[in-house]
Amino acid sequence: MKNRYIKIFCVAIVSAMTLASCDKGFEEMNTNPNALTEPAVKSMFTLAEIYVDGQDFSNTRGNNIYAAQIVQQFSSPGGAGSKYTYSSEYSAALFGESYGKGLNQIYQLMSVLPNNDENSNAIQALRIMKVLMFQKLTDTYGEVPYFEAGKGYNGNIFTPKYDTQEAIYNDLLKELDEAGTALDANKGFVGAADLYYQSDVAKWKKLANSVMLRVAMRLSKVNPAKAKEYVEKAVSKGVFASNDDSLVLKHDSGPQGVRTNPITSAWVTNDLNGGESNIKFSKTFIDQLKNNNDPRLRIYAKLEATGDNNPANQQGLANDAKDFPGGDKKVFSDPNTSTVLRLDAPTLIMSYAEVQYILAEAAVKGWNVGGSAQQYYDNGVKAAMEVLTIFGDKVPAVTPAEYTTYMTAHPFKIAGTEAQKIEQIITQKWIVLLFNGFEAFSEYRRTGYPVLVPVNDPTGETNGTIPRRLIYDQSELLTNADNYQQAISRQGLDRMTTRIWWDKQ
């Protein structure tokens, strides 16, 4: 891999310089300033929820620049994701931030919470949040430290071993099953400190089961029997039933920090510049909506320089573009700052529409999910259009008449092959997963949809094939080398072309 060893050497030099400068204050450094004697449970729980969504660092680098460009929701000239080039900073962003912030917060809080009725629901909710974070991690990289992660607090394990993805997935399903069952409305919670559902236990149960649905469907090719078992179990326990159940995290418009939207705040503050942003909607994404007269286009996109959100005038940037054709960035579509790119735009972490699409796919496979593929598909498209009201009323919402017109023109392919039906379902899921590039990247690798034309750029690492994973944080070669080496000996070389466990042809 190009320049990998040079980059690793540079990391080693920087690390050595850092260590050499740490002799002063060594005693103070080894006194843990974060040790908790009286934990502020509610504020720590709130912060854990915020961190589950990721912060600016991982969302800007790992999501916007890498994953979302790989799956051609966004594009930029020379973008690492668009061209499949390796960037240690972008590739490592999710790995470092997840362990350093989100999982760190969850494990720290779980290590000090007494397991009693007062804290029971908070503990179960933390288990669910942990699953959300670990699924994103393992789906992005493959094997990751899991069972020994977080053991630095009470187990003195500072070089955790990597676990196989199969073992991780088995435990994710177990955790969701147990946590969802253990949630109890008669026990204590954290009140308004719960930003997700305001301590509504019934909604948390639906979240546990809906995430179980997502986790289970990821096994559809590598272990279809287990996928079917847990999809059906999730449905029997009760999944999202409407947009009101969707997992939505609200944000503040300022000051910039942990409560601002981790995607929009960096984009608007640092990069948008009145339409001069280097990151634009991909031509693939804009064409999908524009060519099909999708009423969501006016809500998603506009030309920032003029404020024009007329669908007819939207233009996406091809992912193989080396510069802006014509030299004018302003004629290419930006995310709409009146809606989805507002500074305080909420994050749609998991939607009812996504659940409906999973159920539609399960029905296509003949699994027992209590409805038809067409029913779930139609519900999913309707929900995906209606949920956009969470982004405010400055742009007219999709009307029932527009939905009907769209579905009349693009009905579910009842008479199609299984592949055609799944392509239709996943393409719609790809649309609703806008701004959740990591999940869209996982679904593309699992299904091969939507159909994307690979970019074959000389700067790329994949010889013109769409990546199958991201490369680990290379600091692991210094701080956890033995376990890193064992992981790649099982999984395959630490390259963007290496397939992870569930990624089967």
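## A charge over a ring

A charge counts as sitting over a ring if NZ of Lys or CZ of Arg is within 6 Å of the ring centre and within 35 degrees of the ring normal. Arg-218 also lies over a ring face, that of Trp-502, at 5.6 Å from the ring centre.

Before going further, note that this is a predicted model, in which local features need pLDDT of at least 70 and side-chain atom pairs count only at pLDDT 80 or more, while totals for chains, interfaces and linings use all residues. Residues are numbered from 1 along each chain as its sequence is written, and side-chain values use heavy atoms, with hydrogens and water left out.

## Aromatic pairs

A pair of aromatic rings is described by the distance of the centres and the angle of the planes. Rings of Phe, Tyr and Trp (its six-membered ring) pair if their centres lie within 6.5 Å; planes under 30 degrees apart count as stacked, over 60 as edge-to-face and the rest as tilted. The count by this rule is 25 aromatic pairs. In one of them, Phe-95 and Tyr-472, the ring centres are 6.1 Å apart and the planes stand at 75 degrees, so this pair is edge-to-face. Phe-95 belongs to helix H6 (residues 88-112) and Tyr-472 to the loop between helix H18 (437-447) and helix H19 (476-479), so the pair ties together parts that are 377 residues apart in sequence. Helices (H or I, at least four residues) and strands (E, at least two) are DSSP runs, numbered from the N terminus.

Phe-95 and Tyr-472 are both buried; buried means under 20% relative accessible area, exposed over 50%, and partly exposed in between (1.4 Å probe, protein chains only). Both residues also belong to one aromatic cluster, whose members include Tyr-99, Phe-134 and Tyr-484.

## Helices H14 and H15

Two packed helices are described by the angle between their axes and the distance between the axes. The axes of H14 and H15 come within 8 Å and cross at roughly 165 degrees, which makes H14 roughly antiparallel to H15. Axes are lines fitted to C-alpha atoms, for helices over the stretch in contact, and angles run from 0 to 180 degrees between N-to-C directions. Angles under 35 degrees count as roughly parallel, over 145 as roughly antiparallel, 65 to 115 as roughly perpendicular and the rest as oblique.

Among the residues that meet here are Tyr-357 of H14 and Tyr-377 of H15. Their rings have centres 6.4 Å apart and planes at 50 degrees, so the pair is tilted. Tyr-357 and Tyr-377 are both buried. Gln-424 lies in helix H17 (residues 418-432) and is buried, with a relative accessible area of 11%.

## Helices H3 and H7

Helix H3 (residues 41-52) packs against helix H7 (residues 120-141) at an angle of about 20 degrees, with the axes 10 Å apart. H3 and H7 are therefore roughly parallel to each other.

## An exposed ring

Is Phe-158 buried or exposed? At 61% relative accessibility, Phe-158 counts as exposed. Phe-158 lies in the loop between strand E2 (144-145) and strand E3 (162-163).

Key: Contact means heavy atoms within 4.5 Å.
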